[in-house]
Amino acid sequence: MLDACPAAVFSILNNGQTMLKQGTCRTKKTWPRTFSQEELKKRLSPIQFHVTQERGTESAFRGEYTDHKEEGTYSCVVCGAPLFRSETKFDSGSGWPSFYDLVKEESVTATDDFSYGMHRVEINCSQCGSHLGHLFDDGPKPTGKRYCINSASLGFQPKDAPSASSHPSSGEGAEAGAGGSSGGKIEL
Ligand SMILES: *[C@@H]1O[C@H](CO)[C@@H](O)[C@H](O)[C@H]1NC(C)=O
Ligand SMILES: [Zn+2]
């Protein structure tokens, strides 16, 4: 039934904003890796589930990786696919982990997102389709891109740790650094 869905219809408002007229009409896409919602509800924290499966957004400055500066690789919390390297992480001041490049171009899938009366580019994991965050064009050189990503959609593998995706049990990267520590760490 959703297959017969026509392309979304947009109208330009007087103020130049684009607005979705014909809403929530989405073709169901299949991803290389799928996980049952039931399993994910058990495995993920409520915020991880909300962000990755329900397009949620964590509160700014609250995510555990916003000020995280360790060397390593950030991966999809749902399927483990590597997404970003610490070398491309930068402090955007936005309150969310920000990166100017991907591990691999194909790691994420970008789609137009017209929710909240704005036009943004939504970023999902290309392997499992999990929502990660949004992409903006005001990032630093050399790419000029800013991947604004929810901590709750990410896992982290420190550079010199064995590849097993175990997360440290206590206080990783907990040095109170220059950026000032913003309390609200989400327990995994
Ligand atoms: C990205 O993930 C969200 C789930 O949080 C989903 O609603 C959305 O449709 C996904 N985007 C695409 C292009 O499938
Ligand atoms: Zn994934």
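## A zinc site and its neighbouring strands

Strand 8 and strand 9 make a hairpin with five residues between them, and Gly129 in the turn has a positive phi of about 80 degrees. Strands here are DSSP runs of E with at least two residues, numbered from the N terminus. Welcome to this predicted model, where local features need pLDDT of at least 70 and side-chain atom pairs count only at pLDDT 80 or more. Residues are numbered from 1 along each chain as its sequence is written.

**The zinc site**
- Cys76, Cys79, Cys125 and Cys128 each give an SG atom to the zinc ion (ligand 2), at 2.3 to 2.4 Å; donors are N, O and S atoms within 2.8 Å of the metal (3.2 Å for Na, K and Ca).
- The four donor atoms subtend angles of 103 to 115 degrees, so the arrangement is tetrahedral (for four donors, all angles between 85 and 135 degrees).
- Along the sequence, the donor residues follow the spacing C-x2-C-x45-C-x2-C.
- Because Cys79 lies in the loop between strand 3 (72-76) and strand 4 (82-85), and Cys128 in the loop between strand 8 (120-125) and strand 9 (131-136), the pair ties together parts 49 residues apart in sequence.

**Burial**
- Cys79 is buried at 11% relative accessible area, where buried means under 20% with a 1.4 Å probe, protein chains only.
- Five of the six residues of strand 9 are buried, so strand 9 is largely enclosed by the rest of the structure.

**Strand partners**
- Strand 9 pairs in the antiparallel sense with strand 8 over four bridges; pairing requires at least two DSSP bridges.
- His131 in strand 9 is the bridge partner of Asn124.
- Strand 9 also pairs in the antiparallel sense with strand 10 (residues 146-149), over four bridges, and Leu135 stands opposite Tyr147 in strand 10.

Definitions and conventions. Chains lettered and ligands numbered in written order. Heavy atoms only, no water. Tetrahedral: all angles 85-135°; square planar, octahedral: opposite > 155°, others 65-115°. Buried < 20%, exposed > 50% of the residue type's maximum accessible area, 1.4 Å probe, protein only.
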